[in-house]
Each structure stands twice: as structure tokens, then as C-alpha cells.
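Please consult the sequence and the structure shown here alongside the text.

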Amino acid sequence: MDTHDVSQVSEYMQALQRQKQTLQNAQSRKGQKPKPTKSRDQIIMQFMFRQMMGRNGTVDGHALRSSFVPPAYYPSVAPLSELKKVLIKDLTLETHHRGSYILVRAVTSTDRMTAIMTVVEDEKGNVLMLQLYNQEEQLATDGRLVERTVMLIKEPYLKIMADGDYGLRVDHLSDIRFIPDHDPLVPSAWKGRSKGHASAGFWKIKGNDFFNQAAYYLAIDWYTYSEALDSSPTVEEGLTIRLNRALACLKTHQFDAALCDVELTLSNNGSSEKALFRKSQALYYLQRFQESCEVHKVLSNAYPNNTAAKSEFERAIARLAEERSGKYPFRGLQRVATKRRPPLLDHATYTGPVSVRATEFRGRGLFTTEAVRAGDLLFCEKAFAHAFHDDTSETTNLSLLMNTETQTMTMGTQAELISLIAQKLYKNPSLMSTFTDLYHGSYTPVDISEVDGIPVVDTFLIERTMSLNCFGCPVSSRASHIATINENKAQLEKIKKQFHSCGIWPLASYINHSCYSNARRSFIGDMMLVRATQDLPPNAELTFWYQTPLKHDTQIKPLKLQHWGFQCSCLICQDLHETGGVDLTKRRRLFADLVKTHQSLLRTRKQSAGIAKMEGILATLEKTYRRPSSEVPRLEIWEAYLSLAAVHATSSQPGKAIEFAFKTLKSLGYVIEGGQIPHTPGRKLLVREWGLMMDGLVGCWMILCRMYCDVAPDLADQAEDYARTTYRICVGEDETFGDTYSRFSNQVNGLIVA
Ligand SMILES: C[S@@+](CC[C@H](N)C(=O)[O-])C[C@H]1O[C@@H](n2cnc3c(N)ncnc32)[C@H](O)[C@@H]1O
């Protein structure tokens, strides 16, 4: 949704076709034995040369990676004890070697492209390229994967790589294990100097050394040896080691594991200060704020002088309050979102009056649980995962993600988002169902969630789910709103690029699409806010746009929603479908004429002829609609009306300006009572029914407010209130309304920021 889909762009379609051809060629060799054309030394030299030479193509001056999603295959769900060891010579091309595992050792350092790459050898000294997908970047830098690291790959997949060489490709995090030196699986020829019988204290000190060097994964390994080996730690030592490991787990975002370690410590010593503190932290980062506060309560009673714990307690209390009330310090959120990179905000999810239920025809949907008013906050959700693209930075994480099976291509941070989700689930399996419950089309996942005590994470399930549920997002909807209103091309272009950032918001993912939507999403950093755009009764199904219908310069035609496998059947789409060919052709012609006349009106000083022409076209265009606008909004004409309202406001014609502002609102389905000129004092301005929500409507209400100041002052505040509500819906909050709009602005639409 709002991602940069380039599936229909010919330049990229060719790349997709080429990739398909490469795959087909590779498939034709499936099952064959590889015929190596390069010696071990040549493969290693070539890899090191590429490491030195650097990267591939650029887009808009930025390096662009291509990321190909291979044909989907399942992660290994077999316990290691059931797998048979094989060597490189036993592998065949384009084959998933089910029932086997291979043990390899890195013979080079790593290189980071779309995957982390290294050359590996088996026990016979034969070598292959190894491509590890979806791993966190630190894997290549924090000491976990260096020359001589031993790895076990379950059910290995040997493929022909893009350059024709052979490589082991690992897409699923749970298919690879990094094997410590002391492990019995490591062949004696590869073992370093054995430290197998050192004391628990020795292992702990080694772990602490790594911890102090911020090599947290290695620290965890050493702490773990001290438990696993026969080093007979004392009870005291065992508890300390667990506590240290819990801290290293917190540092590496393995909150489930941290909880597990502290729980064990607390079962021995229920009042351990460190264990309580670490527990409260793990719960906080798992967003279990209520539980975190409960642990903090115990902690603060037992250790009232722990100042660090006190401030963390305050933080947890603030999150709990947000979670319960939906009240946020929005101005502060906006400030942090524009400064922090990536713009990840430390705030809680608020779930308002909504719940997920089955719909009649479109799977599950999100419904109101009570009556809500236009502008009400339905929920404010922290991203489950968020991949940020910083357009101002020299380095980039942009990639072209291509899936030949689903024929889709997106330009942006989707490839990174897949990796982030995979890592999060692998590290915290307690969060698995939040993501895997989301809609994933026809993909059938494996039904095993854990093997040998390790979570099974299916990258292809993540990819399918991500592609159907991912939202493109700006850093702040306020910035996009301002750029839209200013029609600042350069800024709009920049904002559009920011939609290369994307994320997953699970609750929002249950909202189905309708062009005639009744809810709207906005973003502040990685928080998505969804507000009602209409007054809604209880049990109303919420809908928003997957794509904005009829954006500037687009044709009158239904949205392309094939990617999600449905056609919109809302009233607008039904009406478009039912409108006869003659009327539609006429509407298209008139619309094109309107856009042209509008553009020349903006360029000329002598506006009267242009205004008259536009009014004439609009009057004829109105006749091509069969149903009243209160039933079916008229998406093609509201902008022209708004423009005319602005023109009349500029030339101090309040009557005309108010008339066209009302026509703008009416064309979008609004039903308004009162407010017409001449005004009867005491008669209120009331939106009886809200129509479609557009950014431009804030300015429309501000035009009304300013005109009323002259001709019906008692209505000015009401119009401004509607402007504020409209702003709140579009931007997410209204704390910054006064910083953005004013009735005393130089611009007729009230905007006061450039
Ligand atoms: C992001 S999910 C929305 C939640 C989904 N309905 C569920 O059951 O989880 C997107 C999928 O919902 C369905 N969907 C959304 N809007 C729809 C609509 N207007 N008509 C039919 N199906 C729709 C499509 O299957 C689409 O691929």
C-alpha cells in the first residue's frame, strides 16, 4: 500500500524477464553434478577481488541493489539427528538436499551485497560461495562470522548464481547454525586449541571480555558454554552467568531469551535486583508495559535508591498510560520523527474502539466497537517492523525487490523489511503469531514452529505476507500534507521518495480497501495513526485506501488492485462500471479539458475568461453523473471547485468563494447545513454527513473561515474547527494545527508554512 511498485515499468520488466530466463536456464540443469571450471584458489581470489572492487548500479545517484526472491522453498523442519552429513561433492545443482546437512568453514572474510557472502570449504578442502540472506549486517562485523568460522547448513540448496558460478544459498535463518569450536560436530582437523575443561569462572570471564567489547553474540556463546560444558558452576556462578547472558540478550534484542534467563534466576532468588531490572526491560521491549510496571513496582519497593530503575519505571508508566488512553504528546512526537534516524519512536500502541472480525466477502476486517465521530482516533500503532530510507544520506539501502513467481517488483526498502521481520521473529518467537496470522494469500506455511529448540522462520511466508500487508510511509504525514498543499514539486518529489520507507503495522493490516473509505491513516515516524473520516455507528467495517483513487494527472479508471487479488466494489467503482460508455467517454474528455484549462488558469493573470470556461466545463461535467454526489462522490471535480474558491477568495469575492468551497465539499459527498450566504445570524454551520477526506479540504475550510470573518463572523470559528478536525485526520494530530494554518495567513487557504 503506497509502496513504489515498478512491476509495470518497462525498464524493470526487462530485468524481471531476464531473471526469469536465468531461472529457467538454471532449472534445466536441476539434479546435475556441478562442473567446476575454477580451482579453489581462483574462486577465493575472484571473491577477494570483488570485495575490493565494490558494488553495482545506481538510481538517482544512489547505489541500487537487486534482490531476487527465488522460487519459494520451505525451511528445514527436520531435527538434526535425522539428517545425514554430506560433502560438497555430493551436492547437485538447483536442488534442496532434503534429509542432509553440510558442515563448512569460512576461508575468507565476508562481503556484504544483497546477502552476506563468504567462500567456504568442506572437510575435503573443496570450496563454494556461501550466500546468507536476511542476516543482520552485524553478522559480518561482530566476530560471529570470520575466517575459520564453522557453519552447519541444514538441507542445503546449491544453485547456479547470476555469474554462472555455484553457490550455497541460505534464505531461512533457522537453516544455518554457527558452530562453536568446542562442539563435538567440529571435525578434529578444524578444532583450535581445546579449552573444553576450563572452569565455569574461565568461561564467564571470556564472556565478560566479549561483552565489554560489545561483541554480545560471542559473549552469549561463552556464557552458554559455561552452562553446557561440564564445568560445574556453583549455584551462585550459574546465576551470575545467566544474569550476564540476559543482559547480552537484551543488547541483541533477544527479549524472549532474556526473560527466560531472568525467570530462572528469580526462581532461585526472587528479589535479585539485577534480575528484576532486566525482567522489566525485557517486558518493556516486548511492549508488555503492564507487566513491566508490575515488576518495577516490586523493584522500587525493594530498592528505592535505584535511580536508573526509577526513571525506567517512569518510562514504562508513560507507555502504559498511552496504551490505555490514546493520549500522546504529539508535538514532541513530530519533533523526534523529524530528527531521529531511523525515525523509530519510543511510544506504545493504543487500540481504541475497534476489533478484528470476519466480513461477509473479504476475509477478516476491522470494525468499530462503539459509535465514533469524524476525527476520532481509532488506533495509534507502533510499527512491528520499519525499514527506513534516508534520502538525504550518501549511503543507501534501496533495492529493487523482484519476485518472478508473483511477477511483482518494488523499489524501496522491502528487501530490508523482510530481513528485519525474519530477525525479529527468530529472536522473539513469542511475537510469531502477531505476524504470521496476517493475510498471506494462497501461501501454505509449514506447521512446525520449532525444531531442536530453535524457532523455524519461513522467509517466503514473510515475503508473501510482507508484500500483501506492507505500507509505504513518509517520515511525517504533516510534511507530506504541507508539500501537497503547497504543490511544491521538489518537495513532493522528495516526499514521494520517502515512500521508499515502509513498514508493517499488524492491526492496520486487517483494514480492507474501499475507494469510498471511512478511515484514514497518517504517520509520525514509525507510528501509524488511524482516524475515522466520518461519524460511524458501532459495528461499522472500517476501510481505507490501499492506493489513492484518482491522484493528480491520472485517468478516470478503476484502481489496479490485482496485487491484492480483488476488484473494489465500492459505490464509486460500481458507479464507474455502470456508467455507460458514452457518458464515461464524455466525462474523460471533459475532465482532460478541465485539467488543461485549470493549468492555464494558474499560469495567466487575466483569469476571468479561464474562470468562466472552467465553470462551463464543470456544469457539463456534473451532468455526466447519474447519482447524487451525496451517494457517489465526484472525484474528478472537487479540485477544480477548490481552485475556483481560492481564486474568488483572492479577488475578495466572499460570496463566490463560499459558493465554490461548498461545491468542493458537496462533490466529495459532504452534506452541509447552514453556512450559505446570505447568513441568518444564529444559524449554525453543520456537517450533517462527512464525505471523502482529502488534504486540500483543510484549506477549503480555512477559505470558508476567512470569508466568514467578513460576511458572517459567527461562523468563522465553526469553519476553523472543521479545518482543525480535517487536519487532525490528514496529519494524525492537531497540536501542530496552529503552527501550520492561521486565518491571518497571506495565503487564502490559511497555510503559514512553506
Ligand atoms: C491487508 S489484507 C486485509 C485483511 C484481510 N481481509 C484478512 O482477512 O486478513 C488484504 C487482503 O484483503 C482482501 N481485501 C481487502 N480489501 C478488499 C475488498 N475491497 N474487496 C475484497 N477483498 C478485499 C484481499 O484479499 C486482500 O489481498
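**Helix packing, domains and ligand shell**

Helix 20 (residues 654-667) packs against helix 21 (residues 696-711) at an angle of about 150 degrees, and their axes lie 9 Å apart. Helix 20 is therefore roughly antiparallel to helix 21. The model is a predicted one, in which local features need pLDDT of at least 70, side-chain atom pairs count only at pLDDT 80 or more, and totals for chains, interfaces and linings use all residues. Residues are numbered from 1 along each chain as its sequence is written.

**Terms for helices**

- Helices (H or I, at least four residues) and strands (E, at least two) are DSSP runs, numbered from the N terminus.
- Axes are lines fitted to C-alpha atoms, for helices over the stretch in contact, and angles run from 0 to 180 degrees between N-to-C directions.
- Angles under 35 degrees count as roughly parallel, over 145 as roughly antiparallel, 65 to 115 as roughly perpendicular and the rest as oblique.

**Helix 20 and helix 21**

- The crossing of helix 20 and helix 21 is left-handed (the near helix is turned anticlockwise from the far one by less than a right angle; clockwise would be right-handed).
- Helix 20 contributes P654, A657, I658, A661, T664 and L665 to the contact, and helix 21 contributes C700, I703, L704, M707, D710 and V711 (contact requires C-beta atoms, placed from the backbone, to lie within 7 Å).
- By class, this contact of helix 20 with helix 21 has 10 nonpolar, 1 polar and 1 charged residues (Ala, Val, Leu, Ile, Met, Phe, Trp, Tyr, Cys and Pro count as nonpolar, Asp, Glu, Lys and Arg as charged, and the others, Gly among them, as polar).

**Helix 7 and helix 8**

- Helix 7 (residues 273-285) and helix 8 (residues 289-302) pack at about 165 degrees, with axes 8 Å apart.
- These two helices, helix 7 and helix 8, are therefore roughly antiparallel to each other, and their crossing is left-handed.
- From helix 7, L276, F277, K279, S280, L283 and Y284 meet F289, E291, S292, V295, H296, V298 and L299 of helix 8.
- The contact of helix 7 with helix 8 comprises 8 nonpolar, 3 polar and 2 charged residues.

**Domains**

- The domain assignment gives domain 1 (32-190), domain 2 (200-324), domain 3 (331-564) and domain 4 (571-740); such bounds come from an automatic or database domain assignment.
- The centres of domain 3 and domain 4, taken over C-alpha atoms, are separated by 30 Å.
- Domain 3 gives 25 residues to the contact and domain 4 gives 24 residues.
- On the side of domain 3 that touches domain 4, the elements giving two or more residues are helix 10 (330-339), helix 14 (477-486), strand 26 (519-524) and strand 27 (527-532).
- Helix 14 supplies the largest share of that side of domain 3, 6 residues.
- By class, the side of domain 3 that touches domain 4 has 12 nonpolar, 8 polar and 5 charged residues.

**Ligand shell**

- The ligand is surrounded by 16 residues, of which R362, G363, Y439, N512 and W564 are the closest (a residue is near if its C-beta atom, placed from the backbone, lies within 6 Å).
- Strand 16 (364-368), helix 13 (459-469) and strand 25 (512-513) each give two or more residues to this shell around the ligand.
- The shell divides into 6 nonpolar, 8 polar and 2 charged residues.

**Backbone features**

- Most residues other than glycine have a negative phi, and most peptide bonds are trans.
- The peptide bond from R341 to P342 is cis, with omega near -5 degrees, and P342 lies in the loop between helix 10 and strand 14 (350-351).
- The peptide bond from I677 to P678 is also cis, with omega near 0 degrees, and P678 is in the loop between strand 29 (671-673) and strand 30 (686-689).
- D2, although not a glycine, has a positive phi of about 60 degrees, and D2 lies in the segment before helix 1 (10-27).

Definitions and conventions
Contact = placed C-beta atoms within 7 Å.
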